[in-house]
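Me: I've got a structure open and I'm new to this. Can you walk me through it?
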Amino acid sequence: ICKVRNQRTYLSQEAGTDQVVTSQNVEALGGGYIVTNGNFEYRLDSSSLVVVRFDDSGRQEEVLRETIVFAERY
């Protein structure tokens, strides 16, 4: 998550692919962030990254959960 000109931007590369994910729909929540990108929501805090997909009826499915092994704030 970067902050440029007072706007937060999420930037990530999916592991094992060349696909880059970017979104400016970043909401600070508690000690973490909620990032929305299409039908996906990225929930990020200092301990984990959880990716949730929403289907057409609004139901959510967790598609990824990873432990954060290193984080740095500037």
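Predicted model: local features only at pLDDT ≥ 70, side-chain atom pairs only at ≥ 80, totals over all residues.

Me: Ok. Which strand gives the largest share of the lining of the largest pocket?
Reply: That is β2, with 5 residues. β2 covers residues 7–13.

Me: What volume does the largest pocket have?
Reply: About 960 Å³. The lining has 31 residues, and the closest to the pocket's centre are I1, Y10, L11, L44 and L49.

Me: Which other strands supply at least two residues of that lining?
Reply: β1, β3, β5, β6, β7 and β8 each do.

Me: New topic. What order do the strands of the open sheet have?
Reply: The order is β4-β5-β6-β7-β8, with antiparallel pairing. At the edges are β4 and β8, and each pairs on one side only. Neighbouring strands are turned by 20° against each other on average, direction ignored.

Me: How many bridges join β7 to β8?
Reply: There are 7. V52 stands opposite E62 in β8.

Me: Now E41. Where does it lie?
Reply: E41 is in strand β6, residues 40–44.

Me: Buried or exposed?
Reply: Buried. The cut-off is under 20% relative accessible area. E41 counts as buried because its relative accessibility is 15%.

Me: What does the E41 side chain pair up with in a polar contact?
Reply: The side chain of R43, at 2.6 Å.

Key: Residues numbered from 1 in each chain as written. Heavy atoms only, no water. Helix = DSSP H or I, 4+ residues; strand = E, 2+ residues; numbered from the N terminus. Buried < 20%, exposed > 50% of the residue type's maximum accessible area, 1.4 Å probe, protein only. Polar contact = N/O pair within 3.5 Å; in protein donor to acceptor, adjacent residues only side chain to side chain. Pairing = 2+ DSSP bridges. Axes fitted to C-alpha atoms, helices over the stretch in contact; angles between N-to-C directions. 1 Å grid on protein atoms, 1.4 Å probe; cavity = no way out; pocket = protein on both sides within 12 Å on 5 of 7 lines; lining within 4 Å. Points joined across faces, edges and corners; volume = space filled by probe spheres on them.
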